[in-house]
Amino acid sequence: FFYKIDSIKTSINVASLVGHNTVRRLVMGNDNRLATPEEQLKMETLIAKAMKEGAVGFSTGLIYLPGMFSNTAEVVGLAKETAKYKGIYASHIRNEENTAMEAITEAIDIGKAAMIPVQISHFKVASPSNWGRSPEALALIKKARLEGYDVTIDQYPYTAASTNLGIRLPDWAIAGGTDSTKKRINDPVLHQQIIKDMLAQLKKYKYKNYSYAVVANHAADTTLNGKSISAINLMKGRKPKAADEAETILDLMLAGGAQMVYHMMNEKDVQYFMKYPYNMIGADGGIATGKGMPHPRTYGTNARVLGLYVREQQIISLEEAVRRMTSLPAQKFQLKDRGLLKEGMAADIVVFDEATVKDNATFEQPHQFSSGFHFVLVNGQLVIDEGKHTGIRSGRTLFGPAYPVQ
């Protein structure tokens, strides 16, 4: 991957974590079971190899296949291997809704057991059943730091999340991957059990229906992009009931699934987290391709913080916002010569107008670049000149602490 990045060239620098789901899939496939001692050793060997090849740390996505089937002990073992090479542990935690507190605690406990710095990705309390629990969630981070553990978080400045459609199904239904999921959906008995579990989840999270779930990209029928599950359900001639909408979700899964935008957070919680000094700004977005109806965070994250939360709402200061976007993440991910305007550091520089910087991407029209950014230099070369890309690709791979030649 690194060779490819450095051969095709990019306009930004690229650092990478080694992913738990990738490693587990290589060793165990998408099986719903715990690892054997032999499989655990194989996974740890792959982690060590990736760290020596330049990964900055180890990441988990414990809400996704196949990591959702791992236990804490498995992750601790892999985190310990990462710690040998001075990497960090970054986690998309196991649950961001009703059991978010337990999931945050698990991430912290993994860090304690492995003696490794922890980064919790896109920190949130999601679904109406959890709105208002931001002080409780952040208290867990504050307590860990007071105890001397290096635990930090990151956040994107929106009240909507984005991930795949499959997470709306129960875990057991998606075990084994796409073919296994389709087989279960097509089994009449299992089909009904899936629907039952989906409706139970909906009730538990206090949603009345699936109107909060909007299709970002459905490859089988792109005319559905930008429409909610509730709207698509009505288009299919079904009744406006949650059970019918669950059936519509299963139809979309049989047709190949979809990338989704989920409107599931509360603005007051977003603002509460924004004020926390050990909270980095992270887009959690994909590459801007101009296709589909993606989450606007892909285009607008940093500009939204600088324009809305700094200039307009004054939730945090300009200096603090810049620190959260630059030196804090550079220091956490051990990018030694990055993140500060200082002699001897790499010349990665953004010049923007604090009075006009603004995110223009919306959920309805996401493919809008932000305004107010005049110049961007990457490794000393001008990549953006008066808001226009110059064609320069001066980015490079940034290696982790175990890489032999820095």
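Colleagues, the structure before you is a predicted model, in which local features need pLDDT of at least 70, side-chain atom pairs count only at pLDDT 80 or more, and totals for chains, interfaces and linings use all residues. Residues are numbered from 1 along each chain as its sequence is written, and side-chain values use heavy atoms, with hydrogens and water left out.

I begin with the strands. Helices (H or I, at least four residues) and strands (E, at least two) are DSSP runs, numbered from the N terminus. Buried here means under 20% relative accessible area, exposed means over 50%, and partly exposed lies in between, with a 1.4 Å probe and protein chains only.

In a regular strand the side chains alternate between the two faces of the sheet. In β3, Ile88, Ala90 and His92 point one way, while Tyr89 and Ser91 point the other way.

Which strands pair with β3? Two strands count as paired if DSSP finds at least two bridges between them. Strand β2 (residues 57-61) pairs with β3 in the parallel sense over 5 bridges, and Thr60 has Ser91 of β3 as its bridge partner. Strand β4 (residues 118-120) also runs parallel to β3, joined to it by 3 bridges; here Ala90 stands opposite Gln119.

From β3 the chain crosses through helix α5 (residues 100-114) to β4, in a right-handed β-α-β crossover. Right-handed means that, with the strands pointing away from the viewer, the path from the first strand over the helix to the second runs clockwise. A right-handed β-α-β unit is also made by β2, helix α4 (residues 72-84) and β3.

I turn now to Ser70, which is found in the loop between β2 and α4. Ser70 is buried, with a relative accessible area of 5%. Setting aside neighbours within four places in sequence, Ser70 is in contact (heavy atoms within 4.5 Å) with His20, Arg24, Leu34, Leu62, Val75 and Arg94.

Finally, an open sheet of 4 strands has the order β10-β11-β12-β13, with antiparallel pairing. At its edges stand β10 (349-352) and β13 (388-389), each with a single partner strand, so one side of each is left without a neighbour in the sheet. Strand β10 is joined to β11 (residues 373-378) by 4 bridges, and Val350 has Val376 of β11 as its bridge partner.
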